[in-house]
Amino acid sequence: MSTATALQLMCDGLRANVDAITLTWVQRVKRNPEIESDEDLTLSQLVDHIPEMIEEICDLLTQEEDLDFEKIRAATKHGFMRSAEGYSLSELLRELELLRDCIFGFLADYIADKRLSSQDAVRALRRINRYFSDDVLFVVDHYLKRSENPRLTSG
């Protein structure tokens with residue numbers, strides 16, 4: 001199986017299981033005692049841009065070369081929304097880490113089930129990790145700028 005086919009297969013698995021992955025993430029966020037700002041959010045507000053983020057991850061998985069992380073916007077929207085909802089930086093970073101862990105956990109099982117090569121698995125996980133790393137950097141920068149100018153509500 002070609003790498004492109006394996007990455008497409010992983011993407012197909014993510015898309016087919018977006019609701020289950022999101023539900024697992026919601027349950028983990030709700031159980032996490034270090035995330036308190038979610039208590040007054042509706043399910044829709046909590047879920048926010050998570051399905052769109054998973055779709056963007058699929059786009060990254062299926063890009064051939066020259067990955068374009070600059071076009072990624074759902075994760076940054078999620079950060080802006082959480083900022084406006086009163087989340088602390090540490091709460092948002094915990095949410096993102098829980099989402100990364102849910103996606104990695106799903107893919108670990110999926111990759112084993114589909115018997116995909118470890119080379120393809122590593123390639124996919126590196127792309128996903130880069131997605132989250134770039135978002136973390138953006139979010140930290142946004143929160144730092146916001147703390148310098150409290151009236152700042154967007155990028």
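1. Start with Asn129. In this predicted model, Asn129 has 32% relative accessibility, so it counts as partly exposed. The cut-offs explain the label: buried means under 20%, and exposed means over 50%.

2. Where does Asn129 sit? Its place is in helix H7, which covers residues 118-148. Leaving out residues up to four places away in sequence, Asn129 touches Arg100 and Phe104. Compare Asn129 with Ile57: they are 72 residues apart in sequence. In space, their C-alpha atoms are 9.8 Å apart.

3. Now take Asp120. Asp120 also lies in helix H7. Is Asp120 buried or exposed? Asp120 is buried, yet it has no salt bridge. The nearest side chain of opposite charge belongs to Arg123, 6.3 Å away. A salt bridge needs a side-chain nitrogen within 4 Å of a carboxyl oxygen. Asp120 does have contacts: it touches Ser2, Thr3, Ala6, Leu7 and Met10, not counting residues up to four places away in sequence.

4. Next, the aromatic rings. How many aromatic pairs does the structure hold? There are two. Phe106 and Tyr110 form a stacked pair, with 5.4 Å from centre to centre and 25° between the planes. Both residues lie in helix H6 (residues 89-114). They are four residues apart, about one turn of the helix. Both Phe106 and Tyr110 are buried.

5. The other pair is Tyr131 and Phe132, and it is edge-to-face. Its centres are 5.4 Å apart, with 85° between the planes. Tyr131 is buried, and Phe132 is buried too. Read both values for any pair: aromatic rings are described by the distance of the centres and the angle of the planes.

Terms used
Residues are numbered from 1 along each chain as its sequence is written. This is a predicted model: local features need pLDDT of at least 70, side-chain atom pairs count only at pLDDT 80 or more; totals for chains, interfaces and linings use all residues. Side-chain values use heavy atoms; hydrogens and water are left out. Helices (H or I, at least four residues) and strands (E, at least two) are DSSP runs, numbered from the N terminus. Buried means under 20% relative accessible area, exposed over 50%, partly exposed in between (1.4 Å probe, protein chains only). Contact means heavy atoms within 4.5 Å. Lys and Arg count as positive and Asp and Glu as negative; His and the chain ends are not counted. Rings of Phe, Tyr and Trp (its six-membered ring) pair if their centres lie within 6.5 Å; planes under 30 degrees apart count as stacked, over 60 as edge-to-face and the rest as tilted.
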